[in-house]
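Here is a short briefing to read with the model open beside you. Take it topic by topic, and find each part in the structure as you go.

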Amino acid sequence: MSLTTTAAAHVAHPVTLRDVRRTFATPTGPRAVLAGVDLELAAGEIVALVGPSGCGKSTLLRQVSGLDTPDAGDILIDGSPVRGTDPRTAVAFQEPRLLPWRTLTQNVRLGLPAGTSRADGAGRVAELLELVGLTASAGLRPRQVSGGMAQRASLARALARNPGVLLLDEPFGALDALTRLRMQELLLEVHAAEPTTVLLVTHDVEEALYLADRVVLLRTPDGDETSIARIIAVPGTRPRDRADPTFAELRAELLEGLGVPTHHVGPAERDLHHSI
Ligand SMILES: Nc1ncnc2c1ncn2[C@@H]1O[C@H](COP(=O)(O)OP(=O)(O)OP(=O)(O)O)[C@@H](O)[C@H]1O
Ligand SMILES: [Mg+2]
């Protein structure tokens, strides 16, 4: 499969979040879901967001896409504020959200920017279906394909917008383990072929460490706390070795940050073991 694409230049946008706050009303009064979120994503960077359920990961993604607006703070894409549902972004979710009565081709076509000519659109859709390995299934409807294939179509539809920022909310969360690993590889291939800035929400710390340049650990802010508990820069360049021992340490650090006890053997203990 060739990953060379002929589409218009792919522009990856930097994203800036400055002191972003989002509070929701609850029966017991207002609750800050996001507080003091300061984050800069470089153009083309892949940043993973991890954190316990309900800590505001999807809310943060919605702020960047313009589906929801912060109560305070600024969100800038390529230096200008997000307004409305921002055409510079595209979102893909855990479930593919395809129209069941349309073919995969027609579903991907729905992602094209308004005003795309029929001829350009057809070429671009064919190219994207090839990129995600769905050319042979292009004429099928969502119920005729597997969950992984539907998710690939959903990714192609998001890419059809030619987004400068790709927002992925647990995109592989509903897939079996093997399909999930394949989708991770596919995302990296797509990112190499059509570089874009990626903000990825995941519950899978290994996925975060494998895919991302940086992993942002979010927490539910308590009192004056900010939402970002920790930011981990993942060493090395992609493609990464899943068996790299550095990952085991970062994995343990993230799991501990998520409140999951680990029985990780740190470097000092390991030396002790070796010397016994
Ligand atoms: N529109 C809304 N109105 C009121 N509360 C909301 C709204 N949207 C989200 N919330 C609340 O904000 C909190 C964060 O929700 P969010 O969906 O961002 O969490 P999450 O980190 O994505 O969780 P999960 O990992 O389970 O997907 C939750 O407590 C949720 O109930
Ligand atoms: Mg969520």
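Helices (H or I, at least four residues) and strands (E, at least two) are DSSP runs, numbered from the N terminus. By that rule, the chain has eight helices and 10 strands. This is a predicted model, in which local features need pLDDT of at least 70, side-chain atom pairs count only at pLDDT 80 or more, and totals for chains, interfaces and linings use all residues. Residues are numbered from 1 along each chain as its sequence is written, while chains are lettered from A and ligands numbered from 1 in the order in which they are written.

**The chain as a whole**

- The C-alpha trace spans about 65 × 50 × 35 Å along its principal axes.
- A compact globule of 276 residues would have a radius of gyration near 19 Å, and the chain agrees with its 20 Å. The radius is taken over C-alpha atoms, and the globule rule is 2.2 Å times the number of residues to the power 0.38.
- Of the 276 residues, 38% count as buried. A residue is buried if 20 or more other C-beta atoms lie within 10 Å of its own, exposed if 12 or fewer, and partly exposed in between, with C-beta atoms placed from the backbone.
- Among contacts between residues at least 6 apart in sequence, 71% join residues at least 24 apart. Two residues are in contact if their C-beta atoms, placed from the backbone, lie within 7 Å.

- Four strands form an open sheet in the order 2-1-4-5, with antiparallel pairing. Its edge strands are strand 2 (29-41) and strand 5, each of which pairs on one side only. Two strands pair if DSSP finds at least two bridges between them.
- Strand 1 (residues 15-26) pairs with strand 4 (residues 72-77) in the antiparallel sense over five bridges. In one of these pairs, R18 has D74 of strand 4 as its bridge partner.
- Strand 4 and strand 5 (residues 80-81) also run antiparallel, joined by two bridges. Here I77 has S80 as its bridge partner in strand 5, and L76 stands opposite P81.

- Which residues lie around ligand 1? They are F24, V33, G51, S53, G54, C55, G56, K57, S58 and T59. To be near the ligand, a residue needs its C-beta atom, placed from the backbone, within 6 Å of it.
- Helix 1 (residues 57-65) gives the largest share of this shell, three residues.
- The shell divides into three nonpolar, six polar and one charged residue. In this scheme Ala, Val, Leu, Ile, Met, Phe, Trp, Tyr, Cys and Pro count as nonpolar, Asp, Glu, Lys and Arg as charged, and the others, Gly among them, as polar.

- Why can helix 4 (residues 147-160) be called largely enclosed by the rest of the structure? Because 12 of its 14 residues are buried. Among them are G148, Q151, R152, L155 and L159.
- The cover over the buried residues of helix 4 includes strand 6 (89-92), helix 2 (104-109), helix 3 (118-131), strand 7 (165-169) and helix 5 (177-193).
- At 1.5 Å a residue, the 14 residues of helix 4 should span 20 Å, and its end C-alpha atoms agree, being 20 Å apart. The expected span is 1.5 Å times one less than the number of residues.
- In helix 3, the buried residues are R124, V125, E127, L128, L129 and L131. They pack against helix 2, helix 4 and helix 5.

**Backbone details in the loops**

- D78 is not a glycine, yet its phi is positive, about 50°. D78 belongs to the loop between strand 4 and strand 5, a hairpin with two residues between the strands.
- Is D78 buried or partly exposed? D78 is partly exposed, because 15 other C-beta atoms lie within 10 Å.
- E170 is not a glycine either, and has a positive phi of about 45°. E170 sits in the loop between strand 7 and helix 5, and is buried, with 20 other C-beta atoms within 10 Å.
- A cis peptide bond joins R238 and P239, with omega about -5°. P239 is in the loop between strand 10 (228-233) and helix 7 (245-257).
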